[in-house]
Amino acid sequence: RVSVVEHAEVRSRVREAGMSWTRAIVALLVCANISCASALMGTPRSAVLRTRVRGMSRASALMGGKAEELNTEGFSVAAQGDVPLVVDVYATWCGPCQLMAPQLELVANAYEERVRVVKIDSDKEQELSAYLKIMGLPTLLFIKDKAVVGRIEGAMMQDEISSWIDHFFFDGPKP
């Protein structure tokens, strides 16, 4: 159930962001809660729709270079490292993936050298996506000690991602 105040807040954010109602509904369905969807919808439309900035891919431009985009070979090397790895498997056409990109940037900044955040474009790396059994987008994989210790599908906010990182990598409570 959505209160009148929450409904008005969502309508206001949709108008401010210049978003279509379709996109707003997708955000609501992905999040399954109004406050999460409102925050996702607060992402500036120009940041989400930007396609190229100085030759970088859309994801790289949104991530500000903190989260590295990897191919299959790069992923294989990263997965063998000693630093815990958060892997975002996404697609450029996936709205929830693009909405989550700024949240991953915040996570990458918050954990800096304690956790490495990387991105894999499922369309470019189809064999790797199949090997990782990616069924939905976005999918976050949590890799520690060369093994996948967690997998979450669907868009999340920074605090949710951080809670899962703390749980999977630093023995925090289960969110």
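A cavity here is a set of grid points where a 1.4 Å probe fits but cannot get out. The model is predicted, and the structure holds one cavity of 30 Å³ or more.

Start with the strands. Five of them form an open sheet, and their order is β1-β3-β2-β4-β5. The pairing is mixed. At the edges sit β1, residues 68-69, and β5, residues 147-153. Each of these edge strands pairs on one side only. Now follow β5 to its partner. β4 and β5 run antiparallel to each other, and six bridges join them. One point to find on screen is Ile143, which stands opposite Val148 in β5. Helix α9, residues 158-170, packs on the sheet. This helix touches β2 (85-90), β4 and β5. The direction of α9 makes about 30° with that of β4.

How far apart are the closest N and O atoms of Glu68 and Arg116? They are 2.8 Å apart, and the two residues form a salt bridge. The structure has four salt bridges in total.

Next, look at the two loops around β4. One loop lies between α8 (126-131) and β4, and Pro138 is found there. The peptide bond from Leu137 to Pro138 is cis, with omega near -10°. The other loop lies between β4 and β5 and holds Lys146. Lys146 is not a glycine, yet its phi is positive, at about 65°.

Lys146 also leads back to the cavity. Which residues line the largest cavity? Ala78, Ala79, Gly81, Val83 and Leu85 do, together with Ile143, Lys144, Asp145 and Lys146. Two elements, α6 (72-79) and β4 (139-144), each supply at least two residues of this lining. By type, the lining residues divide into five nonpolar, one polar and three charged. Gly is counted as polar here. The space inside the largest cavity is about 30 Å³.

Two residues join these views. Ile143 stands opposite Val148 in the sheet, and Ile143 also lines the largest cavity. Lys146 has the positive phi, and Lys146 is part of the cavity lining too.

Key
Residues are numbered from 1 along each chain as its sequence is written. This is a predicted model: local features need pLDDT of at least 70, side-chain atom pairs count only at pLDDT 80 or more; totals for chains, interfaces and linings use all residues. Side-chain values use heavy atoms; hydrogens and water are left out. On a 1 Å grid over the protein atoms alone, a cavity is a set of points where a 1.4 Å probe fits but cannot get out, and a pocket is an open set with protein on both sides within 12 Å along at least five of seven lines; lining residues have an atom within 4 Å of a point. Grid points are joined across faces, edges and corners, and a volume is the space filled by probe spheres set on the points. Helices (H or I, at least four residues) and strands (E, at least two) are DSSP runs, numbered from the N terminus. Two strands pair if DSSP finds at least two bridges between them. Contact means heavy atoms within 4.5 Å. Axes are lines fitted to C-alpha atoms, for helices over the stretch in contact, and angles run from 0 to 180 degrees between N-to-C directions. A salt bridge is a side-chain nitrogen of Lys or Arg within 4 Å of a carboxyl oxygen of Asp or Glu.
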